There are 2 protein chains.
Amino acid sequence: MTTLADVARQAGVSPATVSRIVSGSTKSVSDELRERVLRAVEELRYVPNAHAQLLARSDRSTVGVVVHDVSDPYFAEITRGLQRIATEQGKLVIICNSYRDPDRELAYVDLLRAQQAEAIILAGSGYLDPAFTKSLGAQLAAYTATGGRVSVIGRHDLAGDAVLPANEEGGYLIASAVFAAGHREVGVIAAPAELTTTADRMSGLRRAAKEYRLAIPDERVRYASFDRDGGAQAAAELLDAVPGLTALIAMNDSMATGALAVLRERGVPVPLAVSVVGFDDMPIAQDLTPTLTTVRLPLVEIGARALALALDDSRGAPRHEVAAAELVLRESLGPPRPQDSPNLSTWTDMS
Amino acid sequence: MTTLADVARQAGVSPATVSRIVSGSTKSVSDELRERVLRAVEELRYVPNAHAQLLARSDRSTVGVVVHDVSDPYFAEITRGLQRIATEQGKLVIICNSYRDPDRELAYVDLLRAQQAEAIILAGSGYLDPAFTKSLGAQLAAYTATGGRVSVIGRHDLAGDAVLPANEEGGYLIASAVFAAGHREVGVIAAPAELTTTADRMSGLRRAAKEYRLAIPDERVRYASFDRDGGAQAAAELLDAVPGLTALIAMNDSMATGALAVLRERGVPVPLAVSVVGFDDMPIAQDLTPTLTTVRLPLVEIGARALALALDDSRGAPRHEVAAAELVLRESLGPPRPQDSPNLSTWTDMS
DNA sequence: CGTAGATAGGAAAGGGCTTTCCTGCTACGT
DNA sequence: ACGTAGCAGGAAAGCCCTTTCCTATCTACG
């Protein structure tokens, strides 16, 4: 490993001079020395040791983001927005996949503290688990106490700035659309119950139901993993357990994709026999057949705002921003088939 | 920021002792001191400064991967495999998005060098650009000269270990399937020509064409950006420019998705009027309508192998592993419609 | 011509941690 | 009882850089 000292020796100057030239200090250096140093840097292919630099100066320049999994499009979008801001401000982003494991999440917060991260962004749902929330809170407190900045996406009970996707509102919008289309026999393909996102979206659904003087009984809600296969599984269970459903509300587009797959397999036409709606408006939503009615969350923007808030110097009371949800109507939501449709037997028998 | 010295003071021991306990040195420490130190660590919520640690010890423990964009499913899969190995071996992964910008790619290699990364994985296509390849090569040479490990996914002309997706073979397989189905009027939706991936896949197509005594004339090849919208654009252009096409070969599944969207918009039935095939077998391929015939690359495995090779100590001649491609037949490939089909006018008029 | 003021460059002190080396014990063998 | 081995713990050097402080040189002005 070539070091700054090597460069200094090669150029016949002091390490201080090399440092000033390489790291662009304000102090002026004669053109002759500058040239000699740069030549040495070139010859030795010198790259300063970032860790030594971070130790010596005290300015942080990396930010960390803890997501469920970057390969999940939801988080990929958030991360993209966040990266944009990071690049603009010359920050390095460390991406940590927690795979929704609370312990791993705690471990990553420590890791980011150890890395002297300037800011930590916690993206993704919180957990309805007071013990966990408490220990995470304590850890974050220790971090912010030493100047660290925290901002969270979509959880409510932690210190720090927050960007809140309008999950409740989105749930309300999508359910209202489904009820407005005339559906009364509705199944819900829900994400794991311990996620705050699930709780919020469900509560939006319930609010809409209430306005229509309907209820969403437990047997019409199936909790499953927050992905395509979970959606497929929950859809299959619901169809088997509750004959006569005319619409399925999935808690995100991946789950909706799984539901569509099951319906296609069973030969159930969508939306003719059963309507399906999703949540998040992932890019694929418009490429499915039928195209998916869903709720759009401005994910890229959410990621960008979360980091912007964290990097904004003006301390003070934690700020909360709500990112509005927007209904996106596409083909997969139609009117319910008549309850006594002669087709009913045709396709339920195929299951 | 609480430091190791703070902990030592609080526990009434020397910094050396704290270090030994906190970082799990082999040297034994009495239970009493150990307990006092751990209590102090707990009280002060001490986390060691990772940069100072890296400076002091000389073992690296982070690896870097340069991809086009993690939110692209292709790279998301590769990254997933890579992360698995990294986690197993206790390495931190730094993900860098180059957005296919050669300059940014060079900059990231420097950044990873500066971060003292133990290994650098370059994922994704190379560029058919000798000048760039040369300067990247020089940079990597400087890195490996100081003990850095490099492995590349899918490019041929760089030092270091390599995992090579069977792009040529995959191109051959998919084109053979298309020709075998009877298609003769085939359009190619190609990725940018300067990518080695494009070159390799195209050459596979050409080999298959040759076996069928066919050629792939330039006017039936459209180059576009390597994503859904690029695919849509290229598909639209091809359909307009070359009437009578019975099959479209897209260079990846995203482009195929775009092509399907255009065909759906124009009311062209797939595969009845036009067949469409993709490449990579992304997860969505089986959820599109029709489900997509494509070529599977074991991307997760490729990512895992690339990192495993890089971390494998046994130096020596660079190793090259080929990751086999596998044809996945699904609905989107069918026999060609008869050339004089009465339907022809019906749907070409709709464009 | 002498001195103040500016300026280029170097010496050296950290920054937080690890680790070698050393000291002062205890335990054991003869 | 003495010598040696073994062990727990501390002192201090070193990892690579930045930056303050200082010196030496030069310019300019009275």
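The face of helix H7(A) turned away from its buried side carries the exposed residues A:Pro130, A:Ala131, A:Lys134, A:Ala138 and A:Ala145. A residue is exposed if 12 or fewer other C-beta atoms, placed from the backbone, lie within 10 Å of its own, buried if 20 or more do, and partly exposed in between. This is a predicted model, in which local features need pLDDT of at least 70 and side-chain atom pairs count only at pLDDT 80 or more, while totals for chains, interfaces and linings use all residues. Residues are numbered from 1 along each chain as its sequence is written, and chains are lettered from A and ligands numbered from 1 in the order in which they are written.

The buried residues of H7(A) are A:Leu136, A:Leu140 and A:Tyr143. Seen down the axis of H7(A), they fall within an arc of 50° (taken from the directions from the axis to the C-beta atoms), so they line one face of the helix. Helix H6 (102-114), strand E3 (119-122) and strand E4 (149-153) of chain A are among the elements that cover them. After H7(A) comes A:Gly147, with a positive phi near 95°.

DNA strand D is surrounded by 29 residues, the closest being A:Thr3, A:Leu4, A:Ala16, A:Ser19 and A:Ala56. Near means that the C-beta atom, placed from the backbone, lies within 6 Å. H2(A) gives the largest share of this surface, 5 residues.

| Class near DNA strand D | Number |
|---|---|
| nonpolar | 17 residues |
| polar | 10 residues |

Conventions
Helix = DSSP H or I, 4+ residues; strand = E, 2+ residues; numbered from the N terminus. Nonpolar A, V, L, I, M, F, W, Y, C, P; charged D, E, K, R; others polar. Contact = placed C-beta atoms within 7 Å.
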